[in-house]
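Please open the model in your viewer and keep the selection tool at hand. The stops below take you from one selection to the next and say what is there.

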Amino acid sequence: MSTTTSPQRIGLFGFGVVGQGLFDVLHRTPGLQTEITRICVKNRSKSRPIPASHFTYERNDILDDPNIDVVVELIDDADAAFEIVSKALRVGKSVVTANKRLVATRLRELLDIQMETGSSLLYEASTCGSIPIIRNLEEYYDNDMLSRVEGIVNGTTNYILTALHEPASTGYASALAQAQVLGFAESDPTLDVEAFDAAFKTTIIAAHAFGVVVNPTQIVRRGITTITPFDVSIAQQQSRTIKLLSRVQLHGNGLSLLALPALSQNASPLAGIRNEVNAVRLTAAFSDAQLLVGKGAGGGPTASAVLSDIAALRYGYRYEYKKLNQASRPVVGHNVETVVYVRGTNEQITSIPFSVIDVDHRSSRGRYVIGHVQLDALHKSAAFQDPETFIAIVPED
Ligand code: HSE
């Protein structure tokens, strides 16, 4: 691990939006004494904005180069990324990655490799782009008793939802296309709009906030693809705004995890978070509620988090995962009452075992219900699995 102030030599994997952002940022900040020695890419025929001499197509040109001390992994393929990251750690290099799928789905193995090798793996950019959430959860919230971490963790869906609430909205498809052009969306935007990306980030937050390693499939997840102008108009009539919410919350010794649409009250700070901006609201015993806000997607903001990790490696920083070693850790469970909005057919709605129904609206535009239900019962209901219903939680604050 690099602990000196000698120049850092970086081997970069991937040269997409974030890789190019990092290249630009480093070029504009020569005082950092950090240089990208080699860039490994897959596609030989793609035209690129810098000379071909920077590139290699052979990953071992970086992994076997003893002069490279930091590997920065910014590729799309989580399996190839795991091979690269694990080998880099095993040969004694420090690694910085922005790959949330890699970290969320292989966290247990990555923890073991870090433990075995003593090498440092940092991934601030994987969760909420430029917002320094991981390091804050590791260091600042080490002793305060967190009860809830929630927020807007996907820039693409927030960009689409912001557009859908505008009076002159041109609709879902054009907002998604715009988010793709701006470089916010994943190469496969299904990951954004079906909330897989939010579930990956929720998984990473759960590990650092509560010391719980879960599989992203354990998260109660639904995306925004079934939203209609009717849902938006109902939210607006109730002075609410539809957001995609990620939430990890303690209930006694239980921990619920979700990535779901939410009808946020307009008075809530999350309702005012627009476009690709992300926000994380932390609730803890002594500090009470706090909000971190910043750009969550795009080359510059994500590269800034990568750069911060690279700089932290200069003083030998590594995550200690202290909460994973706490004597008592919460147990994942979704048996918690939740207020939800469900728009669908009579059959879909009656599949949900509501304990209390607050609103049951039927009109020529459709039927929706706002009611109370256990989150795990909602998760198992036919309506939740149905590809046409729109389901959103209705938070109290
Ligand atoms: N597709 C992701 C988003 C990129 O929209 O938030 C940043 O992780």
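Select Val-213 to begin, which is found in the loop between helix 10 and strand 8 (220–221); helices (H or I, at least four residues) and strands (E, at least two) are DSSP runs, numbered from the N terminus. At 25% relative accessibility, Val-213 counts as partly exposed, where buried means under 20% relative accessible area, exposed means over 50%, and partly exposed lies in between (1.4 Å probe, protein chains only). Not counting residues up to four places away in sequence, Val-213 touches Leu-107, Arg-108, Leu-111 and Leu-324, a contact being heavy atoms within 4.5 Å.

Before going further, note that this is a predicted model, in which local features need pLDDT of at least 70 and side-chain atom pairs count only at pLDDT 80 or more, while totals for chains, interfaces and linings use all residues. Residues are numbered from 1 along each chain as its sequence is written, and side-chain values use heavy atoms, with hydrogens and water left out.

**The ligand**

Select the ligand next, and display the residues that surround it, among them Lys-100, Asn-154, Thr-156, Phe-184 and Gly-296; a residue is near a molecule if one of its heavy atoms lies within 4 Å of it. Which distances separate the ligand from the polar side-chain atoms of Glu-186, Asp-192 and Lys-201? A nitrogen atom of the ligand lies 2.6 Å from a polar side-chain atom of Glu-186, and a nitrogen atom of the ligand is 2.7 Å from an N or O atom in the side chain of Asp-192. For Lys-201, a polar side-chain atom lies 2.8 Å from an oxygen atom of the ligand. Taken alone the ligand exposes 250 Å², and the protein buries 92% of that, with accessible areas coming from the Shrake-Rupley method with a 1.4 Å probe and, for residues, only the protein chains shown counting as cover.

**Helix 7 and its cap**

Now select residues 155–164, which form helix 7; 9 of its 10 residues are buried, so helix 7 is largely enclosed by the rest of the structure. The buried residues of helix 7 pack against strand 7 (146–152), helix 8 (172–181), helix 9, helix 11 (229–237), strand 9 (240–251) and strand 11. Asn-154 caps the N-terminal end of this helix, with a side-chain oxygen 3.2 Å from the backbone nitrogen of Thr-156.

**Salt bridges**

A search of the whole structure finds 22 salt bridges, each being a side-chain nitrogen of Lys or Arg within 4 Å of a carboxyl oxygen of Asp or Glu. Select Asp-197 and Lys-100, which form one of them, their closest N and O atoms being 2.9 Å apart. This pair links distant parts of the chain, since Asp-197 is in helix 10 and Lys-100 in helix 4 (residues 100–105), 97 residues apart. Both Asp-197 and Lys-100 are buried.

Move on to Arg-274 and Glu-166, whose salt bridge has its closest N and O atoms 2.7 Å apart. Arg-274 lies in the loop between strand 10 and strand 11 and Glu-166 in the loop between helix 7 and helix 8, so the pair ties together parts that are 108 residues apart in sequence. Arg-274 is partly exposed, with a relative accessible area of 43%, and Glu-166 counts as partly exposed at 32% relative accessibility.

Select Thr-56, found in strand 3 and buried, with a relative accessible area of 5%. The side chain of Thr-56 makes a polar contact with the side chain of Asp-61 (2.6 Å); a polar contact is a pair of N or O atoms within 3.5 Å, where within protein one must be able to donate a hydrogen and the other to accept it, and residues adjacent in sequence count only if both atoms are side-chain atoms.

Finish at Arg-48, in the loop between strand 2 (34–40) and strand 3 (55–56). The side chain of Arg-48 reaches the backbone oxygen of Asn-43 at 3.0 Å, and Arg-48 touches Phe-15, Val-41, Asn-43 and Phe-55, not counting residues up to four places away in sequence.
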